[in-house]
Amino acid sequence: YTLCYSTQTNCGAANDPNGYHSAAPIPGSSVSIVVPAGGYADLWWHFTLLSPASVPDSVSAPSLPSPAILPFYRLYKTNIFQHFYTMNASERDDFLKIGYVLEEPAGYLYNIQQSGTSPFYRLYHPGLFNYLYTANTEERDIAQKNGYIYQGVAGYLYLTQQTNASPLYRMYSASKKQHFYTMNVLEKDNAVQNLGYTFEGIAGYMFTSQISAVAPVFFQTANALNAIQRILNEIEKILPALK
C-alpha cells in the first residue's frame with residue numbers, strides 16, 4: 001500500500017487522508033504512482049501469519065566455523081598448463097572431475113583470519129585461463145580492471161616471516177600466461193631455469209604442514225617443562241643437606 005508520496009522524508013497519518021494505511025489489504029491489487037523529482041514514497045506491507053505453530057520460540061544464531069589450519073590443495077591441468085589452488089575440499093573434488101590432477105599441497109593456510117595474517121585473494125581471467133592469487137589489495141583492484149574476476153578469499157597467510165612458516169614463491173610464464181606458486185625452492189629454481197617462468201617474489205608465508213603450525217606452542221611447552229625439571233633436579237640435590 002502506498003501511504004503517500006511527496007517531497008517530505010516522513011509521511012505520517014497527517015499525509016494519509018484516504019486512510020490507506022488502515023485499509024484492509026486487497027489480494028492481487030496494485031497501484032501506479034508518479035513520485036516527484038527528489039521526492040519519496042512510503043510503502044506499507046501487510047503480513048498474515050498462516051501457521052503459528054511453525055514459528056519457533058527463539059532463533060539460534062548460526063554457528064561460526066572454528067579457526068583451523070587447512071591444506072592449500074594444488075591441482076594441475078596439463079592441456080592448458082594451469083595450476084589451481086583451493087582450501088575447499090568440495091571445490092577440489094569438482095576440479096578433479098573435469099580433468100585436473102591432484103598434486104602435493106602448496107602449503108597450509110588459516111581458514112579464518114588470525115592476528116598478523118592477511119587475506120589471500122583469488123582472481124580468474126576467463127580469456128587467459130589464469131588464476132591469480134595475491135595479498136596485495138592494489139594488485140587485486142588493478143587485475144579486476146584488466147579482465148580478472150574476483151572470486152573471494154582463498155585463505156589467510158602471513159606477509160612477514162613467522163616461526164615455522166616458509167615463503168610461498170610466485171612465478172609467471174609469459175608464454176603460457178599462467179601463474180605458478182610453490183614453497184619448494186628446488187621446484188621454484190627448476191621452473192625459472194628450465195620451464196620459462198619468471199620469479200615474481202614471495203606471495204606470503206605459510207606453514208609447510210599442520211604439525212609445523214602447532215610446533216611453536218609445542219616447543220614453548222617443552223622448554224617450560226625442561227626448565228621445571230632442572231629446578232626439581234637442583235632441589236633434589238640439596239634435600240639431603242636439609243635433612
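Which helix holds isoleucine 238? Isoleucine 238 is found in helix α4, residues 210-242. The model is a predicted one, in which local features need pLDDT of at least 70 and side-chain atom pairs count only at pLDDT 80 or more, while totals for chains, interfaces and linings use all residues. Residues are numbered from 1 along each chain as its sequence is written, and side-chain values use heavy atoms, with hydrogens and water left out.

The protein has 4 helices and 13 strands. Both kinds of element are DSSP runs numbered from the N terminus: helices are H or I with at least four residues, strands are E with at least two. Of the 243 residues in the protein, 32% are buried. Buried means under 20% relative accessible area, exposed means over 50%, and partly exposed lies in between (1.4 Å probe, protein chains only). The protein exposes about 15,800 Å², of which carbon and sulfur atoms supply 57%. Accessible areas come from the Shrake-Rupley method with a 1.4 Å probe, and for residues only the protein chains shown count as cover. Among contacts in the protein with a separation of 6 or more, 62% are between residues 24 or more positions apart; a contact means heavy atoms within 4.5 Å.

One part to look at is an open sheet of 3 strands in the order β5-β4-β6, with antiparallel pairing. Its edge strands are β5 (82-86) and β6 (101-102), each of which pairs on one side only. Two strands pair if DSSP finds at least two bridges between them. Strand β4, residues 73-77, pairs with β5 in the antiparallel sense over 5 bridges, and tyrosine 76 stands opposite histidine 83 in β5. Helix α1, residues 89-97, packs on the sheet and touches β4, β5 and β6. The direction of helix α1 makes about 15° with that of β4; axes are lines fitted to C-alpha atoms, for helices over the stretch in contact, and angles run from 0 to 180 degrees between N-to-C directions.

Proline 105 is found in the loop between β6 and β7 (108-110). With a relative accessible area of 32%, proline 105 is partly exposed. Leaving aside neighbours within four places in sequence, proline 105 is in contact with Pro71, Phe72 and Arg74. Proline 105 and methionine 183 are 78 residues apart in sequence, with their C-alpha atoms 9.6 Å apart in space.

The structure holds 8 of them, a salt bridge being a side-chain nitrogen of Lys or Arg within 4 Å of a carboxyl oxygen of Asp or Glu. Arginine 74 forms one with glutamate 187, and the closest N and O atoms are 2.8 Å apart. Arginine 74 lies in strand β4 and glutamate 187 in helix α3 (residues 185-194), so this pair ties together parts that are 113 residues apart in sequence. Arginine 74 is buried, at a relative accessible area of 8%, whereas glutamate 187 is partly exposed at 26%.

Arginine 170 forms a salt bridge with glutamate 200, where the closest N and O atoms are 2.7 Å apart. This pair links distant parts of the chain, with arginine 170 in strand β11 (residues 165-173) and glutamate 200 in strand β13 (residues 198-207), 30 residues apart. Arginine 170 counts as buried because its relative accessibility is 11%; glutamate 200, at 38%, counts as partly exposed. Salt bridges that share partners also join Arg74, Glu103 and Glu187 into one network.

Another salt bridge is that of aspartate 141 with arginine 140, the closest N and O atoms being 3.0 Å apart. Here aspartate 141 is partly exposed at 33% relative accessibility, and arginine 140 is buried at 17%.

Serine 118 has its place in strand β8, residues 117-125. Its relative accessibility is 16%, so serine 118 counts as buried. Not counting residues up to four places away in sequence, serine 118 touches Gln113, Gly155, Tyr156, Leu157 and Leu159.

Ile228, Ile231, Leu232, Ile235 and Ile238 form a nonpolar patch on the surface, with about 460 Å² of accessible area together. Patches are made of residues with over 30% relative accessible area and no salt bridge; like charges are joined within 9 Å, and nonpolar side chains (Val, Leu, Ile, Met, Phe, Trp, Tyr) within 5 Å.
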